[in-house]
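Have the picture open while you read.

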Amino acid sequence: MTDLVRVGLVGAGIIAETHLAVLAEQDRVSLEFTVDPRPGRQPTFRGDPAPHYADLADALRAHRPDLVVLATPTDTHADLAVEALAGSTARVLVEKPLVHDLASLARLRGLDEALDVRGRLFTAHHFAFSPEVDWAAALMADHPEWGPVTTVTSAFYDPYVLKDAEAFAAYGSSWMDSGVNQLSMLTRFVDFTELTSARQGDGGASAWCTARYRSRGESGTARLRSSWLTGSSSKESSLVFGRSGVEVWIDHTALTGFAARGGDLLAAFGTDGRTPRKIAHYRPLYASLLSDRPDPVLGFDAAAGITEIHHAVPGAG
Ligand SMILES: NC(=O)c1ccc[n+]([C@@H]2O[C@H](COP(=O)([O-])OP(=O)(O)OC[C@H]3O[C@@H](n4cnc5c(N)ncnc54)[C@H](O)[C@@H]3O)[C@@H](O)[C@H]2O)c1
């Protein structure tokens, strides 16, 4: 990326606040424009508003951004990504999930030659950058003698039952929202090969899926639970290294983790509690995106692989 980064932000809802807070920390970033059709949604950046539009096309006619960030409802991502890629020379960061169906993925793939989709389109797989995930991935790399990860269990709960129809409109379903977070976060540890079973319940507010993966030359199964039927957020994952009896627990809500074998604590991780969870995800994500070599988990091929496994769920598109 160039030294100075002119950002256009599209969609000024909940997660946009985190994007703007992290971008504001970087001196070389300026906010070139914001877009949101809903009245009263003009955000500020370092205390001031930027030129604001109701429509991305109008913004792209008036500005030449280096980075366009799409933080809009999931089913708008594909169309807006094509519009941003075709209407500018910018890199485009799309909120996760990249697309809401496989047809949209095929459309983006088909535009690679014309619009350099692989070189310019990135997906904000932010859970892969969470500090407890980083810690556990480094721990695993330091301990090849633990052997392969033989079982993964991940449970993601969000209190979206309280949002009701609004949650379905913004996030699609529990699997659409959390399944991508679980799969992209777990790519730090294992290589997914296929979805082996999928059950969605509670009208799409809950899911139970299993996926096969490879780890250190062996095959294993991940169990993925997600649900919106709760009053509070809670997200945890466990990695079992069955050959050595080691288990790693990571708590994505508390940003903590520990490794144990039987009754012995092998390692533990916590933070100083000063950094809010979403900032802790997006700060390293942006550091990587704005570097010369963005982490492959942000890239189009990673998003395409995750999307294909994710959408193997019957009825998920
Ligand atoms: N909320 C979170 O914690 C969170 C975390 C990570 C990722 N995400 C993802 O971010 C996306 C947005 O989620 P959110 O929670 O911020 O939703 P939100 O409903 O709070 O905000 C979306 C905003 O986009 C605007 N919008 C809709 N269509 C638009 C268009 N065509 N052009 C410009 N703006 C448009 C809406 O008016 C709204 O202000 C979703 O894909 C979600 O999966 C959300």
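Predicted model: local features only at pLDDT ≥ 70, side-chain atom pairs only at ≥ 80, totals over all residues.

**Around the ligand**
- The ligand has 23 residues around it, and the closest are Gly11, Gly13, Ile15, Arg38 and Glu95.
- Helix H1 (14-24) and helix H8 (165-171) are the elements that each supply two or more residues to this shell.
- H1 is the top contributor, with three residues.

**One face of helix H3**
- Look at helix H3 (residues 77-86), where you'll find His77, Ala78, Leu80, Ala81, Ala84 and Leu85 buried.
- Looking down the axis of H3, you'd see these buried residues fall within an arc of 165°, so they line one face of the helix.
- Here's the background: an α-helix has 3.6 residues a turn, so residues three or four places apart point the same way.

**Zooming in on Leu108**
- Leu108 belongs to helix H4 (residues 102-110).
- Is Leu108 buried or exposed? It counts as buried, because Leu108 has 24 C-beta neighbours inside 10 Å and the cut-off for buried is 20 or more.
- Setting aside neighbours within four places in sequence, Leu108 is in contact with Ala78, Ala81, Val99, Val117 and Leu121.
- Two of those contacts, Ala78 and Ala81, are among the buried residues of H3.
- Leu108 and Leu121 sit 13 residues apart in sequence, and their C-alpha atoms are 9.4 Å apart in space.

Note on methods. Residues numbered from 1 in each chain as written. Near = placed C-beta within 6 Å. Helix = DSSP H or I, 4+ residues; strand = E, 2+ residues; numbered from the N terminus. Buried ≥ 20, exposed ≤ 12 C-beta atoms within 10 Å, placed from the backbone. Arc of directions from axis to C-beta. Contact = placed C-beta atoms within 7 Å.
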